[in-house]
Amino acid sequence: MENEIRKELGMLQSRRWFLRNCGVGMAGIALNSFFSNNAIGATTQDPLSPRLPHFAPTAKRVIYIFQAGAPSHIDLFDHKPELVKRNGELPPAELLENYRAAFIHPNSALLGTKYDFSRHGKSGIEISNLLPHISKHVDDLCFVRSMQTDAVNHAPAQIMLSTGHSEFGRPCLGSWTLYGLGSESEDLPGYVVLNSAKGTSGGASNYGCGFLPSVYGGVPFRNKGDPILYLSNPKGYDKAAQRAALDTLKRLNQQTLDDMADPETATRIQAYETAYRLQSSAPELMDLSQESPATLDAYNIKDVKETSFARNCLLGRRLLERDVRFVQLFHEAWDQHSNLDKSLRKNCLDTDQPFAALIQDLKDRDMLKDTLVVWGGEFGRTPMAQGTDDGRDHHNRAFTMMLAGGGIKAGIVHGATDDFGFNVVENPVHVHDLNATLLHTLGFDHERLTYRFQGRDFRLTDVHGKVVRDILT
């Protein structure tokens, strides 16, 4: 036994044994080194340098208005007279076949909308009277009334809309956009996030870069003080000393990047340089007092320093003007399980006029034609009442989103739901289809915009998605 152990130990220590039995591993190490070196050209350059898409885009930039919490499509965009007529009745049994609700018993009474709907514009699109300002722009908008998603709770549904997957760890649409197109702004991040209400249920995953290099993640701007913490220099630290320190740090980081080709080192270099330029560009960006009183009135901004959805809409336009590629506004205020009437009226009062002003502002500046505008939440609300007659539950089978500009047909309605707004009955659009279409306007074949991670090529639409060509110009 002792001799056998010694023999085994001798084999382990044998150079011939090591080379013979570990040859594949050594080859793997060599190949990995070879491919890493070949990748250095991509990683040592600016990872945010502008790049060409797969084909000519119709949109150059995006502003995504994420109305988190899920606006009620039945009360705002998808008028159902039959539902109003049958208010208080139990839903038809066939409607609820294989249906599971999130928080209410499916067999709850139907709840028709309390609000009037009217037709507007040359297109004659019907919209709730809770949205008098948006109603003036129906001829600029595309209403997708046949949206569907897989998730039925806020966090997973928000993350699915943002990333194409209901679990954490995937890159969002904004990150894929920046990864594919790069940034044209020298003084601001390529992807900026503004929040006007409480934080979203999905958190930072809604604007995170997942497994993409972190340079492609969204950068949240604060609503008060410096838009990014510690942006201002401390007293006694002048710009010359700061520039010298940053130049030295950049040289050290660049040496590491040249040697290791680590994309996170490239991110660090980019972050330091962007932060330095932000020190001069951010104060000017955030100073809304430069805007005319007429503009502030149009957005319904009462106090230029007070956090609001209106302020963020105007900041969004200013960011787009300064070549920021992707701007995302989060407004989580739409989760009306109760107090539906009061809360919905307030939400519309807060968001209707600013969004309409943004559309008009982009038109006036000749920017709407190549700016993709997206408005919507993670799902819709049930046609059945929750609790009393003043609340609606989550509903993932059908909801509405608005699109505008950037190659989207204007003044149209796409898709339809049944008489109760419960199921899609015409031209269903899954979240994957929406994301495939948004990427298409930016010049990308969603099946070809991929990133290899852990041995697999990943994409925003996973293994799904088709472009909704009927809504494209």
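**Reading the model, step by step**

Reply: Start with a loop. Asn 339 sits in the loop that joins β7 (326–330) to α12. Keep in mind that this is a predicted model.

Me: What is the phi of Asn 339 near?

Reply: Phi is near 50°, a positive value in a residue other than glycine. Asn 339 has a relative accessible area of 45%, so it counts as partly exposed.

Me: Which loop holds Asn 300?

Reply: Asn 300 belongs to the loop between α10 (293–299) and α11. Its phi is also positive, near 65°, and Asn 300 is not a glycine. At 28% relative accessible area, Asn 300 is partly exposed.

Me: Now the overall picture. How many helices and strands are there?

Reply: The protein has 13 helices and 17 strands. It has 473 residues, and 51% of them count as buried. The accessible surface is about 21700 Å², with 52% belonging to carbon and sulfur atoms.

Me: How do I read the contacts along the sequence?

Reply: Take the contacts with a separation of 6 or more. Residues 24 or more positions apart account for 78% of them.

Me: How do I read a helix pair? At what angle do the axes of α11 and α12 cross?

Reply: Look at distance, angle and handedness in turn. The axes of α11 (residues 309–321) and α12 (residues 340–364) come within 8 Å and cross at roughly 20°. Angles under 35 degrees count as roughly parallel, so α11 and α12 are roughly parallel to each other. Their crossing is right-handed.

Me: Which residues of α11 and α12 meet?

Reply: From α11 come Phe 309, Ala 310, Cys 313, Leu 314, Arg 317 and Leu 320. From α12 come Asp 350, Thr 351, Pro 354, Phe 355, Leu 358, Asp 361 and Leu 362. The residues of this contact divide into nine nonpolar, one polar and three charged.

Me: How do I judge whether a helix is covered? How many residues of α13 are buried?

Reply: Count residues under the cut-off of 20% relative accessible area. In α13 (residues 431–441), 11 of the 11 residues are buried, so this helix is largely enclosed by the rest of the structure. The buried residues include His 432, Asp 433, Asn 435 and His 440. After α13 comes Gly 443, with a positive phi near 95°.

Me: And how many residues of α7 are buried?

Reply: Helix α7 (residues 173–181) is mostly covered, with eight of its nine residues buried. Among them are Trp 176, Thr 177 and Leu 178. Gly 182 follows α7, and its phi is positive, near 75°.

Me: Let's go down to single residues. Is Tyr 216 buried or exposed?

Reply: Tyr 216 is buried, at 7% relative accessible area. Its place is the loop between β5 (191–195) and β6 (219–220). Beyond four places in sequence, Tyr 216 touches Pro 47, Leu 48, Arg 51, Ser 175, Leu 178, Tyr 179, Tyr 191 and Cys 209. Ser 175 and Leu 178 are among the buried residues of α7. Tyr 216 and Ser 183 are 33 residues apart along the chain, and their C-alpha atoms are separated by 9.7 Å.

Me: Where is Leu 76?

Reply: Leu 76 is in helix α4 (residues 73–76). Its relative accessibility is 0%, so Leu 76 counts as buried. Leaving out residues up to four places away, its contacts include Pro 71, Phe 117, Ile 127, Trp 334 and Cys 348. Leu 76 and Tyr 115 are 39 residues apart in sequence, yet 8.4 Å apart in space, C-alpha to C-alpha.

Terms used: Residues are numbered from 1 along each chain as its sequence is written. This is a predicted model: local features need pLDDT of at least 70, side-chain atom pairs count only at pLDDT 80 or more; totals for chains, interfaces and linings use all residues. Side-chain values use heavy atoms; hydrogens and water are left out. Buried means under 20% relative accessible area, exposed over 50%, partly exposed in between (1.4 Å probe, protein chains only). Helices (H or I, at least four residues) and strands (E, at least two) are DSSP runs, numbered from the N terminus. Contact means heavy atoms within 4.5 Å. Axes are lines fitted to C-alpha atoms, for helices over the stretch in contact, and angles run from 0 to 180 degrees between N-to-C directions. Angles under 35 degrees count as roughly parallel, over 145 as roughly antiparallel, 65 to 115 as roughly perpendicular and the rest as oblique. A crossing is left-handed if the near helix is turned anticlockwise from the far one by less than a right angle, and right-handed if clockwise. Ala, Val, Leu, Ile, Met, Phe, Trp, Tyr, Cys and Pro count as nonpolar, Asp, Glu, Lys and Arg as charged, and the others, Gly among them, as polar. Accessible areas come from the Shrake-Rupley method with a 1.4 Å probe; for residues, only the protein chains shown count as cover.
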